[in-house]
Amino acid sequence: MHAQSTGTDIGGPEGLDLFDELSEGEGAEAAGMPTAWDVNDSLSYIPGYDMYCHWNTDVIFDHSGTKGHFDHDTLRLQLGEHACDLNMPCPGGVTSGYGMRRGRMHYGVDLDLETGDTVRAAFPGMVRISKYNKTFGNVVVVRHYNGLETVYAHLSKRSVEPGDLVEGGGLLGLGGNTGRSYGSHLHFEVRFLDQPIDPALLFDLEHGSLRTLEYDLHKGSFARMAAAKVAAQRTQASRKFHTVRRGDTLSAISRRYGVRVSELCRINGISDRSTLSIGQRIRYN
Ligand SMILES: [Zn+2]
């Protein structure tokens, strides 16, 4: 998708057709240019500001201000004009879906990519977060005009700064394996008012298109997530751990709790040749 090229002295949503082209190769340079206005002077330019009442360029998800917005209301989100209005962030398929994963909640989907592959904005919007985070690695969060936010994590390189306007398909950075990540992939989340939504409810991720042009958000949209979260916390709470002491071996722990070494290795993600360190916690159920 190509936008008309123009100067940088544009403001907000009404400037949608006036984006600078961020073409491959020059993206970092173009995105590095200072924006011509200051977000603090122009809150009305910020996508969805009336819904969020905050624009935090440091905290990835601010749960405090936005909780409980859906107690009574149903909100119709306009996702696009056409099913093809979704721009897939990267061409790779889904390697891990939303939901429970190894006893923990996975709030997004993992999309396959190679380190260095371009990562693009799903929809037009404004970059709210571009920073390094211990969990997400290099992470970019874009706020869209319908109030959705999309999250792009584990990037090897970020090419945008908070306050940058991006078009759908605009370059955000390069894929990678930073933060808590094992192998190159893109962790992609969709949130509304800081609450994660299963991207598969809105998007046909396999074909890179929208499932629906309008999505009715209501309490139930988050119920599945809330239920899964409670289940995850229950699972977490019922886990039992052995703290490694001097002289402990996997086979000793195995005998003590009646759990096979192979099972201990599987649930702890270690090898049977792993050296145990004193104080290490080994899960045994
Ligand atoms: Zn993920």
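Biologist: Which residues are the protein donors of the zinc ion?

Modeller: This is a predicted model. The donors lie 1.9 to 2.1 Å from the zinc ion. In sequence they are spaced H-x3-D-x76-H. By residue and atom, they are His 106 (NE2), Asp 110 (OD) and His 187 (ND1).

Biologist: Is Asp 110 buried or exposed?

Modeller: Asp 110 gives the zinc ion its OD donor. His 106, another of the protein donors, is buried. Asp 110 is likewise buried.

Biologist: How many helices and strands does the protein chain have?

Modeller: The chain runs to 285 residues, and 46% of them count as buried. Take the contacts with a separation of 6 or more: residues 24 or more positions apart account for 64% of them. The secondary structure comes to 7 helices and 19 strands.

Biologist: What is the arrangement of the Phe 61 and Phe 136 rings?

Modeller: The structure holds 6 aromatic pairs, counted over the model. In this one the ring centres are 6.4 Å apart and the planes stand at 80°. Plane angles over 60 degrees count as edge-to-face. The pair is therefore edge-to-face.

Biologist: How many residues apart in sequence are the parts that Phe 61 and Phe 136 tie together?

Modeller: Phe 61 sits in the loop between helix H2 (49-52) and helix H3 (63-66). Phe 136 sits in the loop between strand S7 (125-133) and strand S8 (137-144). Both residues are buried. Their pair ties together parts that are 75 residues apart.

Biologist: What kind of aromatic pair do Phe 123 and Phe 203 form?

Modeller: Phe 123 lies in the loop between strand S6 (118-120) and S7, and Phe 203 in strand S15 (residues 203-204), 80 residues apart. The rings are 5.8 Å centre to centre, with 55° between the planes. That pair is tilted.

Biologist: What is the relative accessible area of Phe 203?

Modeller: Phe 203 belongs to one aromatic cluster with Phe 123, Tyr 152 and Phe 188. Phe 123 has a relative accessible area of 4%, so it is buried. Phe 203 is buried too, and its value is 0%.

Biologist: Which residues does Ser 209 touch, not counting residues up to four places away in sequence?

Modeller: Ser 209 is placed in strand S16 (residues 209-210). Its relative accessible area is 17%. Buried means under 20%, so Ser 209 is buried. The residues it touches are Ala 83, Leu 86, Phe 203 and Asp 204.

Biologist: How are helices H6 and H7 oriented to each other?

Modeller: H6 spans residues 250-257 and H7 spans residues 261-268. Their axes come within 9 Å and cross at roughly 105°. Angles of 65 to 115 degrees count as roughly perpendicular. So H6 is roughly perpendicular to H7.

Biologist: How do the residues of the contact of H6 with H7 divide into nonpolar, polar and charged?

Modeller: H6 brings Leu 250, Ser 251, Ile 253 and Ser 254 to the contact. H7 brings Val 261, Leu 264 and Cys 265. The division is 5 nonpolar, 2 polar and no charged.

Biologist: What covers the buried residues of H7?

Modeller: Leu 264, Cys 265 and Ile 267 are buried in H7. Leu 264 and Cys 265 are also part of the contact with H6. The cover includes H6 and strand S19 (281-283).

Biologist: Which residue follows H7?

Modeller: H7 ends at residue 268. The residue after it has a positive phi, near 65°. It is Gly 269.

Conventions. Residues numbered from 1 in each chain as written. Predicted model: local features only at pLDDT ≥ 70, side-chain atom pairs only at ≥ 80, totals over all residues. Heavy atoms only, no water. Axes fitted to C-alpha atoms, helices over the stretch in contact; angles between N-to-C directions. Helix = DSSP H or I, 4+ residues; strand = E, 2+ residues; numbered from the N terminus. Parallel < 35°, antiparallel > 145°, perpendicular 65-115°, else oblique. Contact = heavy atoms within 4.5 Å. Nonpolar A, V, L, I, M, F, W, Y, C, P; charged D, E, K, R; others polar. Donors = N, O, S within 2.8 Å, 3.2 Å for Na, K, Ca; no water. Buried < 20%, exposed > 50% of the residue type's maximum accessible area, 1.4 Å probe, protein only. Phe/Tyr/Trp six-rings, centres within 6.5 Å; stacked < 30°, edge-to-face > 60°.
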